[in-house]
Amino acid sequence: MSVHRNYVRSLYKRALYTSLDWYPNRLYWRPIALQIRAEFEANRGESSPVRVQHLLRETEDALEEYRHPLPYKYMTAPGGTKYERNKWFEDNMRM
(Lines give C-alpha, C1' and ligand atoms only; values in the text may rest on other atoms or scores of the structure.)
Protein backbone atom coordinates (compact mmCIF):
# COMPACT_ATOMS: atom_id res chain seq x y z
CA MET A 1 0.00 0.00 0.00
CA SER A 2 1.28 3.44 -0.85
CA VAL A 3 2.35 6.00 1.69
CA HIS A 4 -0.16 8.48 0.32
CA ARG A 5 -3.04 6.04 0.75
CA ASN A 6 -2.03 5.33 4.35
CA TYR A 7 -1.77 9.06 5.05
CA VAL A 8 -5.26 9.71 3.64
CA ARG A 9 -6.69 6.84 5.69
CA SER A 10 -5.03 8.23 8.80
CA LEU A 11 -6.42 11.67 8.03
CA TYR A 12 -9.91 10.24 7.55
CA LYS A 13 -9.70 8.34 10.82
CA ARG A 14 -8.50 11.44 12.69
CA ALA A 15 -11.40 13.41 11.20
CA LEU A 16 -13.86 10.81 12.48
CA TYR A 17 -12.31 10.74 15.95
CA THR A 18 -12.23 14.53 16.10
CA SER A 19 -15.93 14.70 15.24
CA LEU A 20 -16.63 11.97 17.80
CA ASP A 21 -15.06 14.19 20.48
CA TRP A 22 -17.74 16.80 19.76
CA TYR A 23 -20.61 14.31 19.42
CA PRO A 24 -20.05 11.36 21.80
CA ASN A 25 -23.60 10.11 21.20
CA ARG A 26 -23.43 7.93 18.08
CA LEU A 27 -26.99 8.82 17.09
CA TYR A 28 -26.01 12.47 16.59
CA TRP A 29 -22.52 11.66 15.31
CA ARG A 30 -23.56 9.38 12.42
CA PRO A 31 -24.77 12.17 10.05
CA ILE A 32 -21.51 14.04 10.67
CA ALA A 33 -19.53 10.87 9.88
CA LEU A 34 -21.48 10.43 6.64
CA GLN A 35 -20.75 14.02 5.68
CA ILE A 36 -17.02 13.51 6.31
CA ARG A 37 -17.11 10.34 4.20
CA ALA A 38 -18.87 12.18 1.38
CA GLU A 39 -16.22 14.91 1.39
CA PHE A 40 -13.42 12.36 1.19
CA GLU A 41 -15.22 10.39 -1.55
CA ALA A 42 -15.82 13.56 -3.59
CA ASN A 43 -12.07 14.12 -3.86
CA ARG A 44 -11.12 10.48 -4.29
CA GLY A 45 -10.34 10.65 -8.01
CA GLU A 46 -8.24 13.81 -7.85
CA SER A 47 -5.09 13.27 -9.92
CA SER A 48 -3.40 16.67 -9.81
CA PRO A 49 -0.55 16.51 -7.23
CA VAL A 50 -0.81 20.22 -6.52
CA ARG A 51 -4.54 20.00 -5.87
CA VAL A 52 -4.08 16.88 -3.70
CA GLN A 53 -1.49 18.65 -1.55
CA HIS A 54 -3.83 21.62 -1.22
CA LEU A 55 -6.71 19.36 -0.12
CA LEU A 56 -4.51 17.59 2.42
CA ARG A 57 -3.30 20.89 3.83
CA GLU A 58 -6.87 22.19 4.08
CA THR A 59 -7.95 19.04 5.91
CA GLU A 60 -5.04 19.24 8.35
CA ASP A 61 -5.89 22.88 9.07
CA ALA A 62 -9.57 22.05 9.59
CA LEU A 63 -8.68 19.24 12.00
CA GLU A 64 -6.45 21.58 13.96
CA GLU A 65 -9.18 24.23 14.05
CA TYR A 66 -11.93 21.84 15.19
CA ARG A 67 -9.85 19.91 17.70
CA HIS A 68 -11.72 19.60 20.98
CA PRO A 69 -10.05 21.18 24.05
CA LEU A 70 -11.05 18.16 26.19
CA PRO A 71 -11.12 15.13 23.89
CA TYR A 72 -13.35 12.24 24.90
CA LYS A 73 -11.54 9.39 26.62
CA TYR A 74 -13.01 6.09 27.66
CA MET A 75 -13.17 5.67 31.43
CA THR A 76 -10.74 2.76 31.62
CA ALA A 77 -8.30 4.10 28.99
CA PRO A 78 -5.08 5.84 30.08
CA GLY A 79 -6.09 9.32 31.16
CA GLY A 80 -9.69 8.23 31.82
CA THR A 81 -11.42 8.69 35.14
CA LYS A 82 -11.25 5.01 36.12
CA TYR A 83 -7.79 4.20 34.76
CA GLU A 84 -5.90 2.19 37.39
CA ARG A 85 -8.51 3.18 39.95
CA ASN A 86 -7.87 0.12 42.11
CA LYS A 87 -4.15 -0.16 41.42
CA TRP A 88 -3.14 0.73 44.99
CA PHE A 89 -5.43 -1.93 46.45
CA GLU A 90 -4.27 -4.57 43.98
CA ASP A 91 -0.62 -3.87 44.79
CA ASN A 92 -1.05 -3.69 48.58
CA MET A 93 -3.55 -6.46 49.25
CA ARG A 94 -1.93 -9.67 50.44
CA MET A 95 -3.83 -12.65 51.65
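User: In this protein, what share of the contacts between residues at least 6 apart in sequence join residues at least 24 apart?

Analyst: Start with the word itself: a contact means heavy atoms within 4.5 Å. Here, 55% of the contacts between residues at least 6 apart join residues at least 24 apart. Before going on, a word on the source: this is a predicted model, where local features need pLDDT of at least 70 and side-chain atom pairs count only at pLDDT 80 or more, while totals for chains, interfaces and linings use all residues. Residues are numbered from 1 along each chain as its sequence is written, and side-chain values use heavy atoms, with hydrogens and water left out.

User: How do I read pLDDT, and what is the mean for the protein?

Analyst: Think of pLDDT as the predictor's confidence in each residue, on a scale from 0 to 100. The mean for this protein is 87, with 88% of its residues at 70 or more.

User: Take helix α1. How far does it reach from its first C-alpha to its last?

Analyst: To judge a helix's span, take 1.5 Å times one less than its number of residues as the expected value. Helix α1 (residues 3-22) has 20 residues and reaches 29 Å, close to the expected 28 Å.

User: Which residues of α1 are buried?

Analyst: First the cut-offs: buried is under 20% relative accessible area, exposed is over 50%, and partly exposed is in between, using a 1.4 Å probe and protein chains only. In the protein as a whole, 17% of the 95 residues count as buried. In α1 the buried ones are L11, A15, L16, T18, S19, L20 and D21, and the buried residues of this helix pack against α2 and α3 (49-65).

User: Which residues make up the largest nonpolar core?

Analyst: A nonpolar core is a set of buried Ala, Val, Leu, Ile, Met, Phe, Trp, Tyr and Cys residues joined through side-chain atoms within 4.5 Å. The largest one here has 10 residues: L11, A15, L16, L20, W29, A33, I36, V52, L56 and L63. Helices α1, α2 and α3 each give it at least two residues, and α1 has the largest share, with 4.

User: Can we zoom in on one of them? What is L16 in contact with?

Analyst: L16 sits in helix α1 and counts as buried at 18% relative accessibility. Leaving aside neighbours within four places in sequence, L16 is in contact with W29, A33 and I36. The C-alpha atoms of L16 and A33 are 6.2 Å apart, although the two are 17 residues apart along the chain.

User: On to charges. How many salt bridges are there?

Analyst: Side chains of opposite charge can pair when their charged atoms come close. A salt bridge is a side-chain nitrogen of Lys or Arg within 4 Å of a carboxyl oxygen of Asp or Glu. A search of the whole structure finds 4. One of them joins R14 and E60, 2.5 Å from N to O. R14 is in helix α1 and E60 in helix α3, so the pair ties together parts 46 residues apart in sequence. R14 is partly exposed at 35% relative accessibility, and E60 is partly exposed at 24%.

User: What about E41 and R37: how far apart are they in helix α2?

Analyst: E41 and R37 are 4 residues apart, about one helical turn. An α-helix has 3.6 residues a turn, so residues three or four places apart point the same way. The side chains of E41 and R37 meet in a salt bridge of 3.1 Å, N to O, and a network of salt bridges links R37, E41 and R44. E41 is partly exposed at 34%, as is R37 at 41%. E64 also forms a salt bridge with R67, with the closest N and O atoms 3.2 Å apart; R67 is exposed, at 54%.

User: And D21: which side chain of opposite charge is nearest?

Analyst: For this count, Lys and Arg are positive, Asp and Glu are negative, and His and the chain ends are not counted. D21, in helix α1, is buried yet has no salt bridge, and the nearest side chain of opposite charge is R67, 8.2 Å away. Leaving aside neighbours within four places in sequence, D21 is in contact with H68, P71 and Y72.
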